Structures are given as C-alpha cells and as structure tokens.
Amino acid sequence: MDWLRRKVPEFSQLEENERAAIYDFSFLWSLFEGSVLNCQCNVPNIRRFAEQTESKIRLNDVDFAPFVSYLQNRYYLNGNPTEHYRHLHVERSGSPEEVVEMLSNENCTEKVKLIGCLVVVFRLRNNLFHGEKWKYQLQGQLDNFQRANNFLRNLMDCTE
C-alpha cells in the first residue's frame with residue numbers, strides 16, 4: 001500500500017473505506033470464483049451456476065433487490081444505457097442479453113437477475129484487474145465495490 005501511495009498520488013487520495021472496499025472485493029471475488037466457479041469465470045459458467053443454483057434453492061431467497069435497483073439506476077435509466085454502462089464494457093464478455101434484460105425489465109426472472117448481476121460484477125472484476133479502473137484512479141467506485149461485496153457475500157451465504 002505504501003508503494004502504491006508513493007507511485008500513484010491519486011491512490012493515496014482515496015479514503016480508507018474506498019481502499020478497503022477494493023481490497024475486500026479482490027478477496028471476495030477470488031473466493032467466489034475459486035470456490036463456486038471452479039476457478040473459471042466466464043458467461044457460460046455464470047449461466048451454468050445460475051441453473052444449478054436455481055435447482056438447489058429458491059432464488060427468491062437471495063435478496064437481489066437492493067443490488068438490482070442500484071445497477072438499474074447506475075447503468076440503465078429511462079430505457080437507455082447510461083455513460084457508466086458504456087464503461088462496463090459488457091461487449092468484452094459477449095454482451096449477454098441477461099444484463100440488459102436485468103437492467104431494463106423489472107419483471108425479469110430471478111435467474112436472469114442472478115446472471116445479470118454476476119456478469120456486471122464480473123465486468124467490475126475485469127475492469128479492476130485488467131487496469132480499466134485505473135483510468136479513473138479508482139475514483140467514484142466505492143458504491144460499486146461495497147454493493148458488489150454485499151451481493152457476493154449474500155449469494156455465497158445462500159448457496160453454501
């Protein structure tokens with residue numbers, strides 16, 4: 001952390017809770033991908049996980065509502081993608097239709113919500129780990145990471 005603060009002045013300007021949320025996300029995602037997706041995250045495996053999860057538990061028991069609402073407000077307002085949506089780079093994951101359906105259709109199935117949420121979190125992961133988030137010096141990402149962290153913890157608690 002000290003090295004990052006010296007090398008990247010913008011990093012040292014982040015609040016402690018912002019750095020903690022990013023740190024937590026890195027480990028939560030690693031745990032999720034390693035233990036739930038067999039160390040291989042991609043859209044087909046996310047879909048497979050959603051189908052397996054749907055057959056084991058009632059997806060209604062997983063409280064997606066706060067995260068879905070947050071994602072809808074951030075990425076898709078009034079039937080149109082926002083500027084934040086463009087920065088997700090969903091096209092780099094094959095533009096799965098579940099993302100747009102989850103963001104634009106409040107009546108989509110719980111399975112579509114799960115897939116859509118996981119793809120967005122996967123994109124946050126890719127944008128962080130592949131450097132895209134550094135273009136913004138990680139500014140303005142606290143809500144993204146805190147909410148993604150809550151979603152991942154909730155999901156793993158329900159699918160243990």
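1. A word on terms to begin: helices (H or I, at least four residues) and strands (E, at least two) are DSSP runs, numbered from the N terminus. The model is predicted, so local features need pLDDT of at least 70 and side-chain atom pairs count only at pLDDT 80 or more, while totals for chains, interfaces and linings use all residues. Residues are numbered from 1 along each chain as its sequence is written, and side-chain values use heavy atoms, with hydrogens and water left out.

2. Let me start with helix α3, where Trp29 and Phe32 sit 3 residues apart, about one turn of the helix. Their ring centres are 5.5 Å apart with the planes at 50°, so the pair is tilted. (Rings of Phe, Tyr and Trp, the last by its six-membered ring, pair if their centres lie within 6.5 Å; planes under 30 degrees apart are stacked, over 60 edge-to-face, the rest tilted.) Trp29 and Phe32 are both buried, where buried means under 20% relative accessible area, exposed over 50% and partly exposed in between (1.4 Å probe, protein chains only). Together with Phe49 and Phe122, they form one aromatic cluster.

3. The structure holds 8 aromatic pairs. One of them, Phe25 with Phe145, is tilted, at 4.9 Å centre to centre and 55° between the planes. This pair links distant parts of the chain, as Phe25 is in helix α3 and Phe145 in helix α9, 120 residues apart. Both Phe25 and Phe145 are buried.

4. Now the pocket. What is the volume of the largest pocket? It is about 230 Å³. (On a 1 Å grid over the protein atoms alone, a pocket is an open set of points where a 1.4 Å probe fits, with protein on both sides within 12 Å along at least five of seven lines; lining residues have an atom within 4 Å of a point.) Residues including Ser35, Phe49, Lys56, Met156 and Glu160 line the largest pocket. The elements giving two or more residues to this lining are α3 (16-36), α4 (43-56) and α9 (142-158), and the largest share, 4 residues, comes from α4.

5. The structure holds 0 disulfides (pairs of cysteine sulfur atoms within 2.5 Å). Cys41 counts as buried at 12% relative accessibility, and Cys117 is buried at 0%.

Technical notes. Grid points are joined across faces, edges and corners, and a volume is the space filled by probe spheres set on the points.
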